[in-house]
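Here's a quick tour of the charged pairs in this protein chain. Have a look at the sequence and the model, then read on.

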Amino acid sequence: MTASKADIIARLQKDILPLQGIKTGLNNTALDKIIGPLKNAFPGNSFPIGAIHEFIAGGWEDVAVTSAFIAGIFAPLMQNGGVVIWIGSAHTIFPPGLKSFGIVPDKIIFIDLKKEKEMLWTMEESLKCAGIAAVIGEIKELNFTASRRLQLAVEKSQVTGFVIRNNPQSITTTACVTRWKITALSSEFEDGLPGVGFPRWNVDLLKVRNGKPGNWQIEHSAGCFRHIYKLAVIPPQLQQKTG
């Protein structure tokens with residue numbers, strides 16, 4: 001492909017994305033700086049804000065690690081003083097733990113509800129409030145119609161929404177811009193230092209509208225996501241030859 005054709009396609013993609021409800025703004029700049037290699041998977045190399053992102057969890061452990069990963073993403077969206085609404089059936093988040101992602105815990109409003117219908121309604125209404133930085137909903141089932149209502153809400157308000165689905169009965173087509181699967185990786189201790197290492201995840205971006213799905217091993221440190229680079233293991237016999 002020639003450079004001129006590539007430029008034309010890039011310009012067309014830039015014009016089409018807003019028509020699909022995917023927009024960029026000042027918050028993208030702060031967010032794209034911290035998500036590292038992940039941003040290259042998205043259209044225009046920029047994380048879609050004002051969109052609904054779907055996360056599939058295989059149990060409560062996955063919910064916990066997914067919640068931590070999401071916290072790392074929405075932290076930059078709160079830089080202008082915005083608050084986050086977190087909707088679920090059980091308050092499983094330890095608020096002081098959010099400080100490690102640069103989040104002030106009292107800026108998170110937790111809403112505990114028992115019925116999925118109530119959670120969906122509350123999430124939709126919250127997403128319509130332009131002053132909210134992000135909305136997270138722990139909603140097990142999500143069909144296309146419900147996801148479309150959520151996506152239409154954020155296209156007007158430009159609030160970013162995250163849906164965590166714990167052990168859903170079925171995974172069908174939704175209107176969400178992305179679909180993820182996040183699982184835990186073992187952290188590594190810093191030499192000579194006590195405690196635990198930085199949080200690490202295996203990140204599967206299963207689908208992304210107009211983007212490139214992929215897989216990464218990611219660590220969150222110094223307020224940013226970064227690739228985990230593993231040194232190759234050298235067989236003992238080769239170590240003796242090169243030693």
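Predicted model: local features only at pLDDT ≥ 70, side-chain atom pairs only at ≥ 80, totals over all residues.

**K181 and D62**
- K181 and D62 form a salt bridge, with 3.1 Å between the closest N and O atoms.
- This pair links distant parts of the chain, 119 residues apart: K181 belongs to strand β6 (residues 178-185), while D62 sits in helix α3 (residues 60-74).
- D62 has a relative accessible area of 14%, so it counts as buried.
- K181 comes out at 22%, which means it is partly exposed.

**E124 and R149**
- E124 pairs up with R149 in another salt bridge, and their closest N and O atoms are 3.0 Å apart.
- Because E124 is in helix α4 (residues 116-127) and R149 is in helix α5 (residues 144-157), the pair ties together parts that lie 25 residues apart in sequence.
- E124 is buried at 10% relative accessible area, whereas R149 is partly exposed at 47%.

**R200 and E219**
- A salt bridge also joins R200 to E219, with the closest N and O atoms 2.7 Å apart.
- R200 lies in strand β7 (residues 200-208) and E219 in strand β8 (residues 214-221), so parts 19 residues apart in sequence are tied together.
- Both R200 and E219 are buried.

Definitions and conventions. Residues numbered from 1 in each chain as written. Heavy atoms only, no water. Salt bridge = Lys/Arg side-chain N within 4 Å of Asp/Glu carboxyl O. Helix = DSSP H or I, 4+ residues; strand = E, 2+ residues; numbered from the N terminus. Buried < 20%, exposed > 50% of the residue type's maximum accessible area, 1.4 Å probe, protein only.
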